[in-house]
Amino acid sequence: MNYCRIFFAVLFIRAAMSVSAQGISDIKISMVLTDQTRYSILRQIAMDHNLHFYYKKDEIKDKAFKQLNFQNQSLREVLIILFEDEEIHFDIRENRSVVIKPIGQSFVASTDPMRFDFTLKGQIVDRESYETLPFATVRLDGTTRGVSTNVDGHFALLNVPSDTATLIVQYLGYERLTYKLTPDKINENGQVEIALKPLTTQLEQIVVRGEDEHLMKASTGVSKVSVSPAQLAALPSLGEKDIFRSLQLLPGVSATNETSSGLYVRGGTPDQNLVLFDGFTVYHVDHFYGFFSAFNSNAVKDVQLFKGGFEAKYGGRISSVVDLTGKTGNKYELSGNVGLSALSINGSLELPFAGDKGNFFLAARRSYTDIIQSGLYDNIFGLFEEEQSTSQNTPAGRFGRFAQTQTQPAFFFYDLNAKASYRPSNRDILALSIYTGKDNLDNTRDINSNDFFGGNQGINFSNNNTDINSWGNLGTSVKWSRQWNDDLFTNTVLSYSNYFTDRDQFSETDIARQDSSFVIRNGFIENNDVRDLSLRSDLELQISKDHNLGFGIQLSHNSITYDQVQNDTLTILNRDDQGLTSAIYLQDEWWVTDKVQLNAGIRTVHFDGTDKIYLEPRLSLTYQATNRLKLKAAWGQYNQFITRVVREDVSQGSRDFWLLANEELNPVSSSTHYIAGLSYETNDFLFDIEAYYKDLSGLSEYTLRFSNSFRNRSRVIEVDELFFQGSGYARGIEFLAQKKYGKFTGWISYTLSEVIHDFPGLSDGPFPALHDQTHEFKVVNSFRLGNWNLSGTWVYSTGKPYTSPIGGYELDLLDNTTASFISVGEKNAFRLPDYHRMDLSATYSFDLGINSKAEAGLSIFNIYNRTNIWYKTFEVIEDDLITTDVTTLGFTPNIFFNFKF
């Protein structure tokens, strides 16, 4: 009986397919498949031939196939083989869609609407991996109003006129999709799944389209920018495809900080940025002394940058927000990636489990600089060897001779991302995300007089220098998100984050002259540990098509320790602080009219370190004056309760460390943002202007230069002698011209800005901040030619300010040692020379067989070998003040290779 049913089912299939869409069914398919399922084969056919299959999983069963071999067979023949044991039939349509249903269920004509004025729900996914895409935009064709998907890629579009309407779906780094709804595409719950195709470098896939945005999207709101991690490989890089380095190319973000991946946004410092990765806070974003960021771009799915005026949902920082969403992984099949550069190797693995309910993602990266030192490694560490050799107080300097040493440091870094996601129901998602990364540097060395003078200069000495430094991050989050109904979505995250840095540097030199002997000891120990345990729950409620309400509560407990010990005996600073921050917020995204959108919110914060309540109102407004012209403005108040304090070091460059705010030494930082601008957008170009002003209060700086106690080692240093409080402002205007679409994309930007600080205890009047840069000009270009992607960037900026000594002297101390001191001039009264450099890269992409792709490329940093000054060092030798320019990288090439399967 079963054989008869299968026989008649096959006959029915052939009859049904013979009357519809002959041209599409004549597509020829050649595939060799091993250990594949029916679902995965359909997905592969859909991707390879631009088809869409529609079926319900509770009606069409999955099936495993051990071996299949299709050689130049038609779509009709392939479908018959795949479903030869099922009682189903097909409808192949001219719009390149195939509807699969059990025998007995009829097909509805795709042009006949069945629903009217309804709420369309669904999710946007990657067409290759079926990973959900957060913050994609969905709108009805012919209208300006739409919605964005939430962090899980889900959306709800209210008042859709019918189920045959047309949608416009866009996501940065993916092809823009015009999606025609049909009743069969929408299930009985009013839900639809829409798959977007990632952009590629193939010329034939992009010359016919003018709507596909590649790298950056800056027109989504007030001071908001989206960046595509998948497309960043097109930009020149120093050694790694780097998200934060790419963000530095945006207007309003400084691009001249080669030794820091941190973001200086509109006059703010890196610690004033809230950096979130899957819900947990990241306090330090540098690898390799800041030349690379701590984030593996292969583990990041989405990046949202808010340069200012950000909504009430975010708090605890006074400058900007970087919200990163980690990859979930391939939903249906095993996939991965392997990459190699001149400094490191990295790889990722994506693995589904529990059918299509679970995903596991793993990405790891490690430098091999402790095993093989490439030319790029030597160039980077050459900077630090130069710094150490010019600032080291060698014994020979006391006798009219100068000695210089070189060492080969032992250094490596690693990071690891892991994420497991599980969907127990269609409404719930559970996810566990883990990140860990660490840098290790051992610059320990031993030297003696024979290394310099051959032991024939009437002096013998031996020097033991221990210099061990490590720093890193650990972060984890547990998330539960739920779509309760069409209108209500909640996202709850429990997270833990830890940043640590440990520096132990001690030098002991035994000196024997013919008439005397003595010992010189110098060194310090500096440890900083930041721990953050947080719970946050965010609620989104779509009250109507005009109102989207946001509400949430957030709790954060911080534990921060900092120890600074000089010469192994003198404790300069010892802090162990605890603090609890509690916040609640309410905001409403309101379409006042079809042209006016208002986002108003209030955030209320209690910080137990001061036992005060802080109110933070927020407001942003956009007005769509015409189809192309948009006016925008924002205002908001912000507070920060954990800050990274600048530790001024005039002689060897300033450093910094994290402390919790209190009312005694380190006050709560505050800022008010004022932003106004306009944008003019055509199909191909975007022109954007934004002006901003930020007042700053509660700034802190830490220095030893005014402390007499440091010179008088007989008494304990009072902590309040070392901290100084100040205020300031940042203002500027940004111009952006962007070519958004096509083979040639990129942008030109110019920023005119000023950052002024006022510390009465440090200076007689206001002075430029260390990161103040009056002019900054950037050019970013990317050109796609067949399998090639050619790109280049050029950055120009006026020099940063610095403080210069005006003299120096040496003192003989009671313990038979000599200490050198400098007399400091006006705060930041001088400026470094102007900074500029050009970077170029070329990337070639190619296929390596079925489901395998690769890319190889060359990137050149600072192609015309510009000598830019990083900072200056000063030291006193025989009562002479010696100035040294510490420069940044010159001409530096890098090669890379990536393989994806």
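This is a predicted model: local features need pLDDT of at least 70, side-chain atom pairs count only at pLDDT 80 or more; totals for chains, interfaces and linings use all residues.

Let me begin just past the end of helix 3, where Asn50 takes a positive phi of about 55°; helices here are DSSP runs of H or I with at least four residues, strands are E runs of at least two, and both are numbered from the N terminus. Residues are numbered from 1 along each chain as its sequence is written, and side-chain values use heavy atoms, with hydrogens and water left out.

Helix 3 itself covers residues 38-49, and at 1.5 Å a residue its 12 residues should span 16 Å, which agrees with the 17 Å between its end C-alpha atoms; the expected span is 1.5 Å times one less than the number of residues. Is this helix enclosed or open? Because 10 of its 12 residues are buried, helix 3 is largely enclosed by the rest of the structure, where buried means under 20% relative accessible area, exposed over 50% and partly exposed in between, with a 1.4 Å probe and protein chains only. Those buried residues pack against strand 1 (28-37), strand 2 (52-54), strand 3 (64-74), helix 4 (75-82) and strand 5 (97-102), with contact meaning heavy atoms within 4.5 Å.

Of these neighbours, let me take helix 4, whose axis comes within 11 Å of that of helix 3 and crosses it at roughly 170°. That makes the two helices roughly antiparallel, a label for angles over 145 degrees, with under 35 counting as roughly parallel, 65 to 115 as roughly perpendicular and the rest as oblique. The axes are lines fitted to C-alpha atoms, for helices over the stretch in contact, and the angles run from 0 to 180 degrees between N-to-C directions. Helix 3 contributes Arg38, Ile41, Leu42 and Ile45 to the contact, and helix 4 contributes Leu75, Val78, Leu79 and Leu82.

Helix 4 also lies across strand 2, strand 4 and strand 5, running at about 160° to strand 4. Three strands form an open sheet in the order 2-5-4 with mixed pairing, two strands being paired if DSSP finds at least two bridges between them. Strand 2 and strand 4 stand at the edges with a single partner each, so one side of each is left without a neighbour in the sheet. The twist averages 20° from one strand to the next. Strand 2 and strand 5 pair in the parallel sense over three bridges, and Phe53 stands opposite Val98 in strand 5. In strand 4 (residues 88-92) we find His89, which counts as buried because its relative accessibility is 6%.
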